[in-house]
Amino acid sequence: MYVRRLELVDFRSYERVGIDLEPGGTVLVGPNGVGKTNLIEAMGYVATLGSHRVAADAPLVRAGAATAVIRCAIVHDGRELLVELEIVPGRANRARLGRSPVRRSRDVLGALRLVLFAPEDLELVRGDPGERRRYLDDLLVARQPRYAGVRADYERVVKQRNALLRTSYQRRKWAGGERDGADLVTLEVWNAQLIRYGAELLAGRLELCAALGPHIAKAYDAVAAGKGAAAIAYKIGSSGRGTERLSDPPDPLPDRAGLEELLTGLLADARPAEVDRGTTLVGPHRDDVLLTLGHLPAKGYASHGESWSFALALRLAAYDLLREDGIEPVLVLDDVFAELDAGRRARLADLVAGAAQLLVTCAVAEDVPEALRGARFAVSEGEVHRAD
Amino acid sequence: MYEGAIQDLIDELGRLPGVGPKSAQRIAFHILSSDTTDVARLAAALRKVKESVRFCVTCYNVAEEEQCRICRDPRRGNEVLCVVEEPKDVVAIERTGEFRGRYHVLGGAINPLEGIGPDSLKIRELLIRLGNGDVRELILATDPNTEGEATATYLALMIKPMGIAVTRLASGLPVGGDLEYADEITLGRAFEGRRAV
Ligand SMILES: Nc1ncnc2c1ncn2[C@@H]1O[C@H](COP(=O)(O)OP(=O)(O)O)[C@@H](O)[C@H]1O
Ligand SMILES: [Mg+2]
Ligand SMILES: [Zn+2]
C-alpha cells in the first residue's frame with residue numbers, strides 16, 4: 001500500500017498544501033522547524049485517528065483556524081481509496097471514505113496502514129506505562145479494526161465506573177457515613193462490562209505480545225548489531241502513582257472465559273481499595289509492558305543509545321508483523337538517520353529497503369543512505385516542493 | 001459575533017443537539033430571510049410542543065392525551081412489554097412493523113458521568129407496571145452502547161426474580177450506536193433474534 005497524495009488545509013503550520021507521492025523511497029528535506037514532522041503526523045492521524053505527538057487535537061489545527069482537513073489518497077492492490085478527515089477540536093471529527101461520509105470517524109481505521117518511527121518514541125521505553133499500552137492498542141487496531149470499538153467501549157466503561165465510585169466516595173466523605181453505600185448497587189452492572197470488554201482487550205494484547213516477541217528480538221539484534229537480547233512481557237496488575245503491583249499472566253494463557261474469571265477475581269480483591277479511593281484500580285488500563293535487555297529492564301537501566309534502538313525495534317517489529325498479515329504498510333522514519341553512525345545507518349537501510357513506501361525526513365539529505373533516496377521533496381515554511 | 005437578536009438566535013440554535021456553530025448561523029440567517037408567516041408557523045409549533053405534548057401516564061411515551069396512541073390501541077397485546085430509553089426509540093421500532101406489544105419509556109439510561117442513576121429513570125414505575133401481572137416477556141431495547149447495556153443488565157437483575165422472561169435485542173446492531181440510527185432492516189432483524197438475558 002502507498003499514499004499517492006496528501007492534502008492538508010489548516011493543519012499545523014500548513015494553510016494549504018498538496019503533495020503527490022510515489023511508491024518506494026521518498027525523502028523530505030528541510031531545516032529544523034519548517035514542518036516535516038507535521039506532514040507525516042497528518043498521515044499518522046489518518047492511520048490511528050490520533051497524533052504521535054499530542055493527546056489533544058487543538059494543536060493540530062493551524063493557529064487562527066477553526067478546523068483542519070486532511071485528505072489522503074491511498075493505493076492498495078491497484079485500487080485507490082480517498083480518506084478525508086476534518087478535525088474539529090472538542091467535537092467529533094467528520095470523516096469521508098471514498099465519496100460518502102461515514103457515521104463515525106473510526107470507520108476509516110484500517111484504510112491506511114502505517115508504521116511511524118519518530119524521536120518521540122524514546123518514550124515507549126523510558127516513559128509511563130500508558131505509552132506502551134498505546135503502542136500495543138494502536139497495533140491491535142491496525143491489524144483488527146474491531147478493537148477500536150472494544151477499546152472505546154472499555155474506556156467508556158472505566159469512565160462511568162470511576163464516576164460512580166467518585167460520587168459515592170464524595171458522598172461518604174460529606175456524610176461521614178458507612179463504607180459501601182447504597183449508591184454502589186449499580187457497580188455490579190459496570191463490573192460486568194468492565195470484565196467483558198477488559199477480557200477482550202486483554203486477550204488481544206496478550207496474543208499480540210506473544211506474536212511480537214520474536215520480531216522484536218530480531219529487529220533489535222539487527223539495529224544494535226548483536227548487543228543484547230531484547231524481550232517483551234505483558235504485565236497484569238496495577239501500575240502508576242506508586243501502586244506498582246504487577247504480575248505475569250498465567251501460563252499457559254487462559255482463553256477468554258479464563259481471562260474474564262481472572263478479571264473478576266482481581267476486581268473482587270480490589271473492591272475495598274477502589275471504594276476507599278474512588279477509582280478503578282484494576283483492568284487493562286492499569287497494565288504495563290515490561291521491556292528487557294538481557295536480564296535487566298530497559299526502563300531505568302538501558303543507555304540512551306540502547307533505549308533508542310529498542311524503541312526503533314518496537315516499531316520495526318510492528319512493521320514486520322503487519323507485513324506478515326499480507327498488507328504492506330507504509331513506513332515512515334522521522335529524523336532517524338542523523339542519530340546513527342555509518343554502520344547502523346547501513347544496517348537500518350538493509351532492513352527497510354524493501355518497503356512498499358518509505359518516507360524519510362531529515363535536515364541533510366546526505367545523512368540518508370543512498371539506497372533509500374528516491375524522490376526528494378524540499379520542505380520550507382508552509383510549503384513543499386519536489387526537488388529532484 | 002453578531003449583534004443582539006441574531007446572535008441570541010444563533011446561540012439558542014447552537015445549543016440544540018447535532019447543530020454546530022456553522023449550521024446554527026446558516027439556520028439563523030435562513031429564518032431571518034424567510035416569510036413572516038413561515039416563521040410564525042415555526043414559532044407556533046415550538047410553543048405548541050411544550051404546551052400540548054405530555055407524557056403518557058402509563059408508558060411515559062409522548063402523548064397528546066392522558067395516554068399515548070399505543071397504550072390506547074385495543075388491538076395491541078399486554079403480554080410483551082418493550083423497554084426503551086427515549087420516545088424516538090418507540091418510533092424507530094414502530095417503523096419495523098415487527099412489534100405488536102406495548103412500550104415502557106425510561107427517559108434515558110444509567111449514566112454516572114451525568115449523574116443519572118436508576119432513581120432518575122422510570123424504573124420504579126416499570127416495576128409497579130410489571131407487578132400488575134399481565135406481562136410475560138420483557139424486551140430490553142435500550143441502546144447498544146455501554147450505558148444502554150448497563151441499564152439492561154440492571155433491569156435484568158431486578159426483574160428476573162419476578163418470574164418474567166427477559167430478552168435483549170440481538171447484536172448486529174452497530175456497537176456504541178444509537179437505536180434511532182439503526183436502519184429498519186438491521187433493527188428488525190435484531191428484534192427477531194433477541195436473546196434471553
Ligand atoms: N497549530 C499550529 N499552527 C501554526 N503553526 C504550527 C502549529 N503547530 C506547529 N506549528 C509550527 O510547526 C513548526 C514545527 O514543525 P515540525 O513539522 O515539527 O518541524 P520539523 O520540520 O522540524 O519536523 C513550528 O514552527 C511550529 O511553530
Ligand atoms: Mg521533526
Ligand atoms: Zn403510553
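Biologist: Between which two elements of chain A does the loop with A:Leu49 lie?
Modeller: This is a predicted model, in which local features need pLDDT of at least 70, side-chain atom pairs count only at pLDDT 80 or more, and totals for chains, interfaces and linings use all residues. Residues are numbered from 1 along each chain as its sequence is written, while chains are lettered from A and ligands numbered from 1 in the order in which they are written. Helices (H or I, at least four residues) and strands (E, at least two) are DSSP runs numbered from the N terminus. The loop with A:Leu49 lies between α1 (36–48) and β4 (68–76).

Biologist: Is A:Leu49 buried, partly exposed or exposed?
Modeller: Counting C-beta atoms placed from the backbone, 20 or more others within 10 Å make a residue buried, 12 or fewer exposed, and anything in between partly exposed. A:Leu49 has 19 such neighbours inside 10 Å, so this residue is partly exposed.

Biologist: What is the phi of A:Arg12?
Modeller: Most residues other than glycine have a negative phi. A:Arg12 sits in the loop between β1 (2–11) and β2 (14–20) of chain A, and is buried, with 20 other C-beta atoms within 10 Å. Though not a glycine, A:Arg12 has a positive phi of about 50°.

Biologist: Is the peptide bond from A:Asp251 to A:Pro252 cis or trans?
Modeller: A:Pro252 belongs to the loop between β10 (245–247) and α6 (256–277) of chain A. With omega near 0°, the bond from A:Asp251 to A:Pro252 is cis.
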